[in-house]
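Colleague: I would like to learn how to read a model of this kind, feature by feature. Where do we start?

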Amino acid sequence: MWQFFHKLGSPRWFFDLAGRLMPWLLVSGLLMSLVGLVWGLVFAPPDYLQGNSYRIIFIHVPVSFLAQSVYVMMAAAALITLVWRIKLADMFVKAVAPVGAVLTFLGLFTGAVWGEPTWGTWWVWDARLTSMLILLFLYIGAIALGSAISDEKFAARAVAVLVLVGVVNIPIIKYSVEWWNTLHQPATFTLTEKPKMPMAMWVPLLLMVLGLYCLFGWLACWRLQTEIIFRERKARWVRDRIMAGGRG
Amino acid sequence: MSEPLLQAVNLSCERDDRLLFRNLDISIVPGTLTRVEGPNGSGKTTLLRILAGLHDACQGDILWNGQLRDRQRESFTRNLLYIGHRAGVKAQLTPLENLRALMAGRRLLSRDLLAAALDNAGLAGYHDAPCHSLSAGQQRRVSLARLLVSDEPLWILDEAFTALDREGVAGLERLLLQRVSQGGAVIATTHHPLAADGMRRIQLGKVNDHAD
Amino acid sequence: MPTDKRPVMTPVQNTAPLAQAVIAIMRRDLKASLRQRQDLFNPLVFFVMVVSLFPLGVSPEVSFLRQSGTGILWVAALLSTLLSLDHLFRHDYDDGTLEQLLLAPQPLFLLVLAKATAHWLVTGVPLVLLAPVLGVMVHLDGNSIGVLCLTLLVGTPVLSLVGSIGAALTVGLRSGGVLLSLLIIPLYIPVLIFGTGTVTAAEAGAPVSGYLAIMGALLALALTLAPFASAAALRISLSNS
């Protein structure tokens with residue numbers, strides 16, 4: 001077990017593992033999300049209240065869900081960085097932080113697009129959208145701090161501290177924003193309150209979530225490989241790999 | 001031979017993608033003066049900061065009294081006096097207040113003892129002037145006054161001679177030699193020609209940057 | 001070998017009591033800030049100026065100011081704390097006392113806590129004292145002003161403590177000030193929400209003890225966790241210098 005853990009920390013070993021995993025992640029991710037998307041956008045029944053505009057949840061919900069879990073994954077990696085000093089963990093944080101930020105932005109964007117027909121306005125200070133906005137701030141902070149420190153090792157550790165502080169704060173922020181929301185606009189229709197979904201909506205949604213997770217896994221592997229190549233560029237195995245041609 | 005106070009085993013350090021040193025073994029024995037030498041940018045300050053425990057991103061182990069230093073941080077820091085490039089002197093405070101604040105976490109000293117140390121450091125008459133009104137050399141003397149009341153067996157001094165006048169340099173040199181003869185250990189970097197009997201040297205700046 | 005005959009200094013075992021070290025740091029920080037008056041007044045003047053921008057920029061109407069006054073005061077207090085936070089470790093970093101702090105034989109998180117407390121005493125407390133005056137200027141009623149001061153009293157230490165993490169993370173960086181704000185503002189949001197929410201609840205005639213208890217909980221959490229995070233961040237930042 002310990003040996004496996006140690007191996008996982010070795011960039012070279014992970015580089016090869018990622019290379020083997022990536023095609024599977026890409027194919028299954030594309031397959032599931034395409035099926036889910038077509039099913040959700042074309043075949044799922046329209047909502048009795050919102051008509052067809054609700055269909056954006058097939059993008060909005062998986063994207064927002066993933067955006068939040070990426071932050072939690074980053075926090076787990078941050079903990080590993082600080083406690084065990086495993087290089088791969090801090091590369092992971094650096095590699096996925098921008099992905100998380102983009103997902104959060106997409107979540108906000110699709111939320112706004114959904115809000116337009118639902119509320120008649122692009123933006124409402126709804127509890128969930130506001131939390132997402134703050135999550136975006138947290139991502140931006142982590143990225144900004146990382147790029148302000150020139151030394152990779154210290155940048156990784158400083159970002160790790162920040163991400164851990166952020167993850168402790170997320171539940172507090174969520175709770176406070178929800179409380180604030182009830183204080184200021186009680187009993188409006190919120191995105192949080194989903195109508196009871198029939199099976200025909202659930203299955204494509206689930207497919208989309210799983211598909212996006214796989215695609216995220218693929219993207220994370222790809223970005224990690226790039227990061228590994230960059231950081232280990234002086235190591236012999238990287239040179240050999242480049243000589244042999246490509247990512248292998 | 002007496003037991004080494006501080007040891008570095010297989011120390012390697014890379015900063016901003018540049019290898020500063022590799023597989024360095026250092027052993028600091030009581031009663032010795034060790035001088036870290038090397039051209040600018042060869043990692044002298046980084047090495048001293050690593051030994052002092054301020055810089056920890058390197059490979060290798062550091063032992064204090066034969067055991068891992070980071071497991072006995074309190075005992076280590078209590079027995080180390082480190083003076084870096086920056087003097088550790090607050091400009092708004094007087095020399096006396098500065099010295100007292102710097103000593104407070106270590107041991108209780110009477111005002112008279114602190115004042116005597118400042119006098120001996122050449123600051124007689126300046127005890128109660130705010131440090132921002134002092135010259136760079138005088139500010140350096142405030143931090144060096146700590147050496148005069150130090151009970152720590154290990155001194156790590158980074159460019160301690162900077163900004164001192166000739167008399168100050170001679171005084172500090174005497175102080176270091178005296179300390180060594182009393183059984184203390186001193187590690188120093190300096191561009192000043194410092195020499196002593198049995199002085200050890202650590203040469204930096206001679207690694208070729210070919211990691212495999 | 002001649003070294004055999006040389007004397008050997010033995011390591012020191014006794015360390016000064018913790019309280020002495022903590023008090024010494026607080027005294028040093030307080031003295032240094034009191035002698036650097038400008039640093040002390042600037043955030044306060046900033047606080048007053050930001051508040052006065054709202055009547056000028058939005059509306060001087062009593063109804064607007066009464067409704068938004070709490071929020072304006074809280075946001076201004078938050079910004080002015082941010083402004084002063086950059087100094088929390090930066091002066092110490094520049095003059096080398098921060099290195100000495102890290103090499104003190106006492107646990108670093110307690111020394112950081114002492115510094116954050118000193119910071120609150122010279123920035124947070126004056127804000128709380130100044131708040132009633134500004135409260136009157138934005139037409140808050142007496143009861144609201146009282147509750148507002150209470151929330152600031154509980155909330156500003158949280159701002160100092162949480163802010164110390166950001167200050168520690170950015171201390172060695174050139175882009176410090178703005179970056180610090182980027183990192184810390186999201187973390188301030190819960191304090192802001194509960195701070196202003198408590199006053200809103202008081203205006204609506206609801207009992208505020210529950211809300212104040214939540215703010216107290218935030219303070220307790222910040223007291224227990226923030227010093228550790230700041231201490232870790234300081235070690236990282238100094239390693240990088």
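Modeller: With burial: a residue is buried if 20 or more other C-beta atoms lie within 10 Å of its own. Keep in mind that this is a predicted model.

Colleague: Which residues lie on each side of β7(B)?

Modeller: The general idea comes before the case. In a regular strand, side chains alternate between the two faces of the sheet. In β7(B), L154(B), I156(B) and D158(B) are on one side, W155(B) and L157(B) are on the other, and all are buried, which leaves both faces covered.

Colleague: Which strands does β7(B) pair with, and in what sense?

Modeller: Strands of a sheet pair through backbone hydrogen bonds, in either the parallel or the antiparallel sense. Here β7(B) pairs with β6(B) in the parallel sense over 4 bridges, and L157(B) has I83(B) opposite. With β8 of chain B, residues 185-189, β7(B) also runs parallel, and 5 bridges join the two. In that pairing I156(B) is opposite I187(B) in β8(B).

Colleague: What unit do β7(B), helix α6 of chain B and β8(B) make?

Modeller: A β-α-β unit, with helix α6 (residues 166-181) between the strands β7(B) and β8(B); the unit is right-handed.

Colleague: Which strands of chain B form an open sheet, and in what order?

Modeller: The order is β2-β1-β4-β5, 4 strands with antiparallel pairing. Its edge strands, β2 (18-28) and β5 (67-68) of chain B, each pair on one side only. The β4(B)-β5(B) pairing, with β4 at residues 59-64, is antiparallel and has 2 bridges. L63(B) is placed opposite L68(B) in β5(B).

Colleague: Where does helix α1 of chain B lie?

Modeller: Helix α1(B), residues 44-52, lies across β1 (6-15), β2 and β4 of chain B, and runs at about 130 degrees to β1(B). One residue of this helix is I50(B).

Colleague: Why does I50(B) count as buried?

Modeller: Because I50(B) has 24 C-beta neighbours inside 10 Å, and the cut-off is 20 or more. Leaving out residues up to four places away in sequence, I50(B) touches L11(B), C13(B), H55(B) and C58(B). I50(B) and L11(B) are 39 residues apart along the chain, and their C-alpha atoms are separated by 9.5 Å.

Colleague: How many helices and strands do chains A and C have?

Modeller: Chain A has 8 helices and 0 strands. Chain C has 8 helices and 0 strands. Of the 248 residues in chain A, 40% are buried; of the 241 in chain C, 51% are buried. The C-alpha atoms of chain C fill a box of roughly 90 × 35 × 30 Å along the principal axes.

Colleague: What share of the contacts in these chains joins residues at least 24 apart?

Modeller: Counting contacts with a separation of 6 or more, the share is 79% in chain A. For chain C, among contacts between residues at least 6 apart in sequence, it is 80%.

Colleague: How many residues does the largest nonpolar core have?

Modeller: In soluble globular proteins, nonpolar side chains tend to be buried together. The largest nonpolar core here has 205 residues, and V93(A), A158(A) and V161(A) have the most contacts inside it. Helix α6 of chain A, residues 152-184, gives the most to this core, with 14 residues. Beyond four places in sequence, the residues that V93(A) touches include M74(A), A77(A), A156(A) and V163(A).

Colleague: How many residues of chain A are in contact with chain C?

Modeller: 25 residues of chain A are in contact with 24 residues of chain C. On the chain A side, α5 (127-148) and α6 are the elements that give two or more residues, and α6(A) has the largest share, 15 residues. That side of chain A divides into 20 nonpolar, 3 polar and 2 charged residues.

Colleague: And how many residues of chain B are in contact with chain C?

Modeller: 41 residues of chain B are in contact with 30 residues of chain C. Elements supplying at least two residues to the chain B side include α2 (73-78), β6 (80-83) and α3 (95-104). This side of chain B comprises 17 nonpolar, 14 polar and 10 charged residues.

Note on methods
Residues numbered from 1 in each chain as written. Chains lettered and ligands numbered in written order. Predicted model: local features only at pLDDT ≥ 70, side-chain atom pairs only at ≥ 80, totals over all residues. Contact = placed C-beta atoms within 7 Å. Nonpolar A, V, L, I, M, F, W, Y, C, P; charged D, E, K, R; others polar. Buried ≥ 20, exposed ≤ 12 C-beta atoms within 10 Å, placed from the backbone. Pairing = 2+ DSSP bridges. Right-handed = clockwise from strand over helix to strand, strands pointing away. Axes fitted to C-alpha atoms, helices over the stretch in contact; angles between N-to-C directions. Core = buried A, V, L, I, M, F, W, Y, C linked by C-beta atoms within 7 Å.
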